[in-house]
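Colleague: I am new to this structure. Please walk me through how to read it.

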Amino acid sequence: MKAYFSELFVGAWSLILGLKVTIKAFFGPVVTYQYPRTKLEVAPAFRNHIELIYDAQKEGHRCITCGSCMRECPSDCIIVEGEKQEGVKGKVLTNFQLDFTKCSLCGTCVEVCPTTALDYSDNYELAGYQRSDFYFDLLKRVQEQQK
Amino acid sequence: MEGNAIFQELFKMSMAMTGIMVLVFGNAILMAYFERKWSAHMHRRLGPMEVGPHGILQSIIDGVKLLGKQLIVPRDADRTLYRLAPILSMAPVVLAFIVFPFAPKLQAVDLEIALVFVLSMASLNVLAILIGGWGSNNKYGLFGAIRSVAQNVAYEVPMLLALLAVILVSNTLSFEGMVRAQQDLIWFVFLQPVAFLIYIVSGIAETNRAPFDLPEAESELTAGFHTEYSGMGFALFFLAEYTNMLIVASVAAFAFLGGYAGFPLPFFEYSGVIWYLAKVYLLMFFMVWVRFTYPRTRFDQLMNFSWTYLIPFALVNLLITAVVVKL
């Protein structure tokens with residue numbers, strides 16, 4: 001008889017506590033983002049495809065065409081090309097290609113870069129119809145940013 | 001002279017029927033939207049947002065979609081029963097509304113045995129579920145139907161016992177009489193709190209809603225009795241479920257919460273409707289709240305709860321009420 005009533009009261013109390021949980025959530029804030037209309041802030045540590053940073057002081061990228069990233073890349077998805085030019089110290093970058101279809105986002109290129117010319121992009125809306133949509137010309141991208 | 005009287009009666013009947021149909025379908029559209037919205041906010045989601053501002057046209061769009069769908073009859077199903085079930089599910093629940101007094105003068109028929117009428121009409125739904133589950137020749141449908149019958153038999157008893165206590169106090173079976181008795185005394189929810197609780201619990205079980213939604217238990221029975229139904233066949237079951245919710249909430253409002261009573265609003269004579277709707281939708285919100293709080297009960301738990309807790313408590317409550325009324 002005692003167990004009968006204690007079960008009733010314990011059960012009823014737990015039911016009331018349950019109702020409290022849901023009503024709190026009901027009046028609480030909504031956590032959904034309406035994606036195409038409102039966008040989440042990208043976390044600073046978010047890893048996406050790499051990008052040449054635009055340096056406002058140099059009015060351009062910081063790449064010295066050392067080729068470290070190309071050599072370190074385990075997936076061989078970076079191509080860096082440069083040439084000597086008259087009156088400019090060191091090599092000048094002429095081509096920086098990223099094949100994002102092969103990239104494993106390991107981040108070795110960003111870590112190894114001696115001039116911190118590389119960083120992860122914020123651009124997460126990546127969807128395409130063919131492979132060539134993911135072959136990025138990073139030099140062109142940074143030059144576009146310059147304009 | 002006599003022709004005029006017939007015309008008046010016909011006019012009254014068609015007006016009442018129109019009003020009731022508007023209430024029933026409007027309620028289904030509103031509840032389909034609000035149930036999704038309320039549940040969404042309990043999950044900290046937004047719910048429907050795309051069709052119309054804040055998705056208010058969502059349930060209309062869903063209705064149009066269901067109207068446009070093909071009514072598929074499974075090859076081995078019993079055609080007659082299969083087609084009959086959704087209609088049988090919808091028609092009687094609409095009838096229940098003719099005896100509800102929505103405001104002091106707003107009532108189709110003031111039946112002396114209104115409560116019995118409403119309960120019998122509401123429990124016809126079980127028959128429709130049984131026919132639908134049996135007729136669709138589907139094992140899930142049959143399981144759902146059998147569960148529904150067992151559950152409704154178990155929960156009809158405490159429901160009636162709880163309402164019987166109210167009948168003893170108010171000394172009438174008509175809702176108008178109950179409302180007037182509560183105006184003289186006090187709302188029966190304060191006089192009969194145990195009966196109110198028992199009524200609400202068994203009412204949720206009667207409408208086959210979570211946590212007692214065993215007849216359609218999605219995780220076990222796909223969709224239970226309406227597994228095979230498509231298009232408007234499904235929509236009518238869906239409509240009947242929301243209408244049954246409205247009936248349960250209405251009976252609770254009339255029998256326990258004072259019906260259309262409330263301090264008079266300055267608008268018009270029929271302001272009782274506003275109080276009635278406020279009480280009913282508060283109860284509906286509670287039902288949705290319960291649905292999205294508790295997990296589904298197991299079948300033996302469901303039965304044990306009714307036979308070992310609800311019925312004994314209802315009986316004791318009835319006995320005490322009878323003794324007090326007699327004194």
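**Reading the model**

Colleague: Which residues make the nonpolar surface patch of about 500 Å²?

Modeller: Patches take residues with over 30% relative accessible area and no salt bridge; like charges are joined within 9 Å, nonpolar side chains (Val, Leu, Ile, Met, Phe, Trp, Tyr) within 5 Å. Areas come from the Shrake-Rupley method with a 1.4 Å probe, and for residues only the protein chains shown count as cover. Here the patch is made by Ile29(B), Ile56(B), Leu57(B), Ile60(B), Ile61(B) and Val64(B). Helix α2 (residues 58–67) of chain B gives the most, with 3 residues. Val64(B) is found in that helix. This is a predicted model: local features need pLDDT of at least 70, side-chain atom pairs count only at pLDDT 80 or more, and totals for chains, interfaces and linings use all residues. Side-chain values use heavy atoms, without hydrogens and water, residues are numbered from 1 along each chain as its sequence is written, and chains are lettered from A and ligands numbered from 1 in the order in which they are written.

Colleague: How many salt bridges does the structure hold over all chains?

Modeller: A salt bridge is a side-chain nitrogen of Lys or Arg within 4 Å of a carboxyl oxygen of Asp or Glu. The structure holds 12. One pairs Glu35(B) with Arg209(B), with the closest N and O atoms 2.6 Å apart. Glu35(B) lies in helix α1 and Arg209(B) in the loop between α8 and α9 of chain B, so the pair ties together parts 174 residues apart in sequence. Helices are DSSP runs (H or I, at least four residues), numbered from the N terminus.

Colleague: At what angle do α4(B) and α10(B) cross?

Modeller: Axes are lines fitted to C-alpha atoms, for helices over the stretch in contact, and angles run from 0 to 180 degrees between N-to-C directions. These two cross at roughly 155 degrees and come within 11 Å. Over 145 counts as roughly antiparallel, so α4(B) and α10(B) are roughly antiparallel.

Conventions: Parallel < 35°, antiparallel > 145°, perpendicular 65-115°, else oblique.
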